[in-house]
Amino acid sequence: MSHFQQIREEACEANRQLPAMGLVIFNFGNASVADHKKEVFAIKPSGVPYNELRPKKMVIVDFDGKTVEGKLKPSSDTKTHAILYRNWKNVGAIVHTHSLYATAWAQAQRSIPIYGTTHADHFAGPIPCAPAMTDELIREDYEYQTGLQIINHLIDNNLGYEEIEMILVGSHAPFTWGRTAAKALYNSAVLESIARMAILTEQINPGVSTLKQALINKHFERKHGPDAYYGQ
C-alpha cells in the first residue's frame, strides 16, 4: 500500500464530488488534499474524466510542484496548489473550479458585493477578486504566478487565508480551500451560490445597496463570533 493512500482516497473522492455538486463540467477544475507532515499533496491527474478517477490514479506532488509518486501527469494547475500549501500551513485541501456564476464574476474582474445574509453568514465583506495577471507574469510561469496572485491579493487587503477561504482570480475562475476536503468543497459550493444570488440581485434591482452593517455583524458573529450561538 502507498504511504500516501489516505490523501489519494480523499483527493479522489473530493474530485468526484465536483461534478456531483454541479461545480464542474467535462474536466474543468481540480481538487487536492495535502499531508503537511510529509510536505506532499494528492491531486487530480490532468485531463482524466471524473468518472474514471480512482485513488491509484491520483498524483502525489511535493510543495515545489514536483511529482513524487504516480504514473500520470498531475493537473495543469499543480504549481498553484503547491505554492498555496507551502505558504499556508493550516490548509488541508484546495478546490479549483470554473463554476458558472463564480467564474462569471471572475471574468468580469469584480469582487462579489455583500448583498444578503447568506453571504454574511460566511464572510463579513465582499468576496475578493484578484487582479488579472500581466502579460509578463503570464509568460513567466503562469500557474506559479496564479498562486502568488492569490497570496499577494489577500496580503494587500489585510485578509488572512483562515479568515476568508475563497477568492476569484480575475479573468480566470474561483479557488477555495479549507482544513479538510469537505470544508474546501463546502466553500466552493457556497461561493457558487453566493455568486448566483448576487447576479440575480443586481438583475432584479440594478441600484441595490449592499447589506446594512448591523445585519452583516449579526449574521457573521452568530456563527463565528466569540458569542456564536448557531448550531448544536
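**Structural briefing**

At 36% relative accessibility, Lys-79 counts as partly exposed. The model is predicted.

**Salt bridges**

- The count of salt bridges comes to 6.
- Asp-141 is partly exposed, its relative accessible area being 24%.
- A further salt bridge joins the side chains of Arg-8 and Glu-69, at 2.8 Å from N to O.
- This pair links distant parts of the chain, with Arg-8 in helix H1 and Glu-69 in strand E4, 61 residues apart.
- Arg-8 has a relative accessible area of 5% and is therefore buried, the cut-off being under 20%.
- Glu-69 has a relative accessible area of 27% and is partly exposed.
- The side chains of Arg-179 and Glu-162 also meet in a salt bridge, with an N to O distance of 3.1 Å.
- Arg-179 is placed in the loop between strand E8 (174–178) and helix H6 (181–204), and Glu-162 in the loop between H5 and strand E7 (166–169), so the pair ties together parts that are 17 residues apart in sequence.
- Arg-179 counts as exposed at 55% relative accessibility, because the cut-off for that class is over 50%.
- Glu-162 is partly exposed, with a relative accessible area of 45%.

- An open sheet is formed by 8 strands, arranged in the order E4-E3-E2-E1-E5-E8-E7-E6, and its pairing is mixed.
- Strand E4 (67–69) and strand E6 (129–130) are the edge strands; each has a single partner strand, so one side of each is left without a neighbour in the sheet.
- Helix H1 (residues 5–20) packs on the sheet and touches E1, strand E2 (40–43), strand E3 (59–62), E4 and E5.
- The direction of helix H1 makes about 160 degrees with that of E1.
- Strands of a sheet pair through backbone hydrogen bonds, in either a parallel or an antiparallel sense.
- Strand E1 (residues 30–35) pairs with strand E5 (residues 93–96) in the antiparallel sense, over 4 bridges.
- Val-33 stands opposite Ala-93 in E5.

**Aromatic rings**

- The count of aromatic pairs comes to 6.
- One of the pairs is formed by Phe-41 and Tyr-85, whose ring centres lie 5.1 Å apart with 45 degrees between the planes, a tilted arrangement.
- Phe-41 lies in strand E2 and Tyr-85 in helix H2 (residues 78–87), so that the pair links distant parts of the chain, 44 residues apart.
- Both Phe-41 and Tyr-85 are buried.
- Another ring, that of Tyr-50, has the charged end of Lys-44 sitting over it, 5.0 Å from the ring centre.

Definitions and conventions: Residues numbered from 1 in each chain as written. Predicted model: local features only at pLDDT ≥ 70, side-chain atom pairs only at ≥ 80, totals over all residues. Heavy atoms only, no water. Pairing = 2+ DSSP bridges. Helix = DSSP H or I, 4+ residues; strand = E, 2+ residues; numbered from the N terminus. Contact = heavy atoms within 4.5 Å. Axes fitted to C-alpha atoms, helices over the stretch in contact; angles between N-to-C directions. Phe/Tyr/Trp six-rings, centres within 6.5 Å; stacked < 30°, edge-to-face > 60°. Buried < 20%, exposed > 50% of the residue type's maximum accessible area, 1.4 Å probe, protein only. Lys NZ or Arg CZ within 6 Å of the ring centre and 35° of its normal. Salt bridge = Lys/Arg side-chain N within 4 Å of Asp/Glu carboxyl O.
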